[in-house]
Amino acid sequence: MRILAIETSCDETAAAVVEDGRRVLSSKIYSQIEEHRIFGGVVPEIASRRHVECITPITRAALEDAKLDLADIDAIAVTHTPGLIGALLVGVNFAKGLSFALEKPLIPVNHIRGHIAAAYITFPKLEPPFLCLVVSGGHCNIVEVISYTSFRVIGKTRDDAPGEAFDKAARVLGLGYPGGSAMDKAAKLGDHSRFPLPRPKVEDSPYDFSFSGLKTAVVNIAHNASQKGESLQTEDIAASFCNTVAHILADKLFAAAKEFGHTRLACVGGVAANSQLRSLLAQYAERDSLKLFLPSFDLCGDNAAMIAAQGYYEFLAGNISDMTLNAYASS
Ligand code: KG4
Ligand code: ZN
């Protein structure tokens, strides 16, 4: 079964064709980063307008790459929640138009479920159940993946998502937007022991996260340096930040694995591309003799292939929508 998927939840306009949930025939992404960079973050209205302009060419390009026509597509999947509402509406409406014209099923996909399905593409034999850490610009969840379409959230962030924290810290350090990959690069050249940062705990919720204090700690370091007229030790601070975030995330994920008896773990989402996090998770997996599944780098950030992959399993579970499908900012 070939699914054409559309993803427009934030600042990437993406389309992909995936066969039977695992074989990527094409995956095209138009990133709007350049348009948003000067504002230091995603501007929702600009994002919506760019999606309107890019959605048709990117879909055409995905079909061309797959060497397929619309007539070869069996179903249309689309991200309908969570995300920027104006951005989501562009994708949902476009997918509805395709589904209506082609008389093919319309499959609504939750973006977070999509991130989890990225692991199915990189690891064709991976099947639920497993424990998954979803870490991106908007999300931070420890999720028990019970089946392809049934999930239990064990932990979540109480404030910022880690990607958001990365982006804010990067801005303070003058590393530009988006900050995650710049922090990752800078961290490789720094000493993580020079600026110890807090590892905030959430009272009575061992698997919940809090990242806002970390950002404040970086702001304070920068402020102190400027008051003393000292130059900012960007690389050391970035190293400390990456190391601290990696430990906060990995410690909770592995503790949850132990408590809930999971031997197979995954980590997905934009922040799962972080090299310090990937290596710490691999180190812990070896220590505890657990199996770790990390999607390839190109599948960590937003893309439509992961939406098509999850769409396949939603379709098998009978989760098909009619033409009243709507978009929702939060799920
Ligand atoms: O999954 P994603 O593309 O979009 C959301 O669903 O939010 O994640 C984007 C986030 C951004 O905050 C970006 O700074 C972060 O992922 N990110 C990284 C890295 N690459 C992207 N964070 C840390 N290290 C990286 N290498
Ligand atoms: Zn995402």
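Visitor: How do you know that strand 6 and strand 9 pair?
Guide: This is a predicted model, and what follows is computed from it. Strand 6 (residues 130–135) and strand 9 (residues 264–268) are joined by 4 bridges. Pairing needs at least two bridges, so strand 6 and strand 9 count as paired. They run parallel. Cys 132 stands opposite Ala 266 in strand 9.

Visitor: Which sheet holds these strands, and what makes a strand an edge strand?
Guide: The open sheet has 5 strands, in the order 8-7-6-9-10, with mixed pairing. Strand 8 (150–156) and strand 10 (291–293) each pair on one side only, and they are the edge strands. From one strand to the next, the twist averages 25°.

Visitor: What lies across strand 6, strand 9 and strand 10?
Guide: Helix 9 (residues 275–288) does. It runs at about 160° to strand 10.

Visitor: Why is the pair of Tyr 120 and Phe 130 called edge-to-face?
Guide: Their ring centres are 6.1 Å apart, and the limit for a pair is 6.5 Å. Their planes stand at 85°. The structure holds 10 aromatic pairs.

Visitor: Which parts does that pair tie together?
Guide: Tyr 120 lies in helix 4 (residues 111–122) and Phe 130 in strand 6. The pair therefore ties together parts that are 10 residues apart in sequence.

Visitor: Why do Tyr 120 and Phe 130 count as buried?
Guide: Buried means under 20% relative accessible area. Tyr 120 is at 0%. Phe 130 is at 0%. So Tyr 120 and Phe 130 count as buried.

Visitor: What makes Tyr 120 and Tyr 148 a pair, and of which kind?
Guide: The ring centres of Tyr 120 and Tyr 148 are 5.0 Å apart, with planes at 70°. The cut-offs are within 6.5 Å and over 60 degrees, so this pair is edge-to-face. It links distant parts of the chain, 28 residues apart: Tyr 148 is in the loop between strand 7 (140–147) and strand 8. Tyr 148 is buried. Ring pairs also bring in Tyr 312 and Tyr 313, making a cluster with Tyr 120, Phe 130 and Tyr 148.

Visitor: How do you know that Arg 278 lies over the face of Phe 297?
Guide: Arg 278 is at 4.3 Å from the ring centre of Phe 297. The distance limit is 6 Å. The charged end of Lys 252 sits over the ring of Phe 209, 5.8 Å from its centre.

Visitor: Why do Arg 2 and Glu 19 count as a salt bridge?
Guide: Their closest N and O atoms are 3.3 Å apart. The cut-off is within 4 Å, so Arg 2 and Glu 19 qualify. Arg 2 lies in strand 1 (residues 2–7) and Glu 19 in strand 2 (residues 12–19), so the pair ties together parts 17 residues apart in sequence. Arg 23 joins Arg 2 and Glu 19 in a network of salt bridges. By this rule the count comes to 16 salt bridges.

Terms used. Residues numbered from 1 in each chain as written. Chains lettered and ligands numbered in written order. Predicted model: local features only at pLDDT ≥ 70, side-chain atom pairs only at ≥ 80, totals over all residues. Heavy atoms only, no water. Helix = DSSP H or I, 4+ residues; strand = E, 2+ residues; numbered from the N terminus. Axes fitted to C-alpha atoms, helices over the stretch in contact; angles between N-to-C directions. Contact = heavy atoms within 4.5 Å. Phe/Tyr/Trp six-rings, centres within 6.5 Å; stacked < 30°, edge-to-face > 60°. Buried < 20%, exposed > 50% of the residue type's maximum accessible area, 1.4 Å probe, protein only. Lys NZ or Arg CZ within 6 Å of the ring centre and 35° of its normal. Salt bridge = Lys/Arg side-chain N within 4 Å of Asp/Glu carboxyl O.
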